[in-house]
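Hi everyone, thanks for making time. Today I'd like to walk you through some charged and aromatic side chains.

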Amino acid sequence: MLTSEDKWKVKKTPFDSIDEEEKKELETSYTPLFVSLCLQRGLNTVEKVQNFMSPDATWIHDPFLFKDMDKAVSRVMEAIEKNELITVYGDYDAGATRL
């Protein structure tokens, strides 16, 4: 777990992977750290960064693509009908990402 004393280790990313016009626009629109993180994730154009910053409904994945989701939904519905207690467990990195 990170504490307030921990330091982020950020990879140095060369700007030579993008053209000069894109570089200027990114540098004037965002902080150098944010641009570096974007480049590390393949967001190497202003359009890609803007799309990342303004996600839309296409980012939402169909939860029924998960294995056995239909069984999980059926079991939760059964628990609700029977007025059973439900506990949901998760993990800090259980989320999905588009990148």
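Let's start at Arg75, which is partly exposed with a relative accessible area of 41%; buried means under 20%, exposed over 50%, and partly exposed in between, with a 1.4 Å probe and protein chains only. Before I go on: this is a predicted model, where local features need pLDDT of at least 70, side-chain atom pairs count only at pLDDT 80 or more, and totals for chains, interfaces and linings use all residues. Residues are numbered from 1 along each chain as its sequence is written, and side-chain values use heavy atoms, with hydrogens and water left out.

So what does Arg75 meet in a salt bridge? Its partner is Glu84, at 3.0 Å from N to O; a salt bridge here is a side-chain nitrogen of Lys or Arg within 4 Å of a carboxyl oxygen of Asp or Glu. Glu84 is partly exposed too, at 32%.

By that rule the count comes to 4 salt bridges. Another one joins Asp68 and Lys67, at 3.5 Å. Lys67 is exposed, at 73%, while Asp68 is partly exposed, at 34%. Then there is Glu78 with Lys82, whose closest N and O atoms are 2.8 Å apart. Bridges that share partners also link Lys67, Asp68 and Lys71 into one network.

Now the aromatics. There is 1 aromatic pair, counted when ring centres lie within 6.5 Å; planes under 30 degrees apart are stacked, over 60 edge-to-face, and the rest tilted. The rings of Tyr30 and Phe34 have centres 5.2 Å apart and planes at 45°, so this pair is tilted.

How values were computed. Rings of Phe, Tyr and Trp (its six-membered ring) pair if their centres lie within 6.5 Å; planes under 30 degrees apart count as stacked, over 60 as edge-to-face and the rest as tilted.
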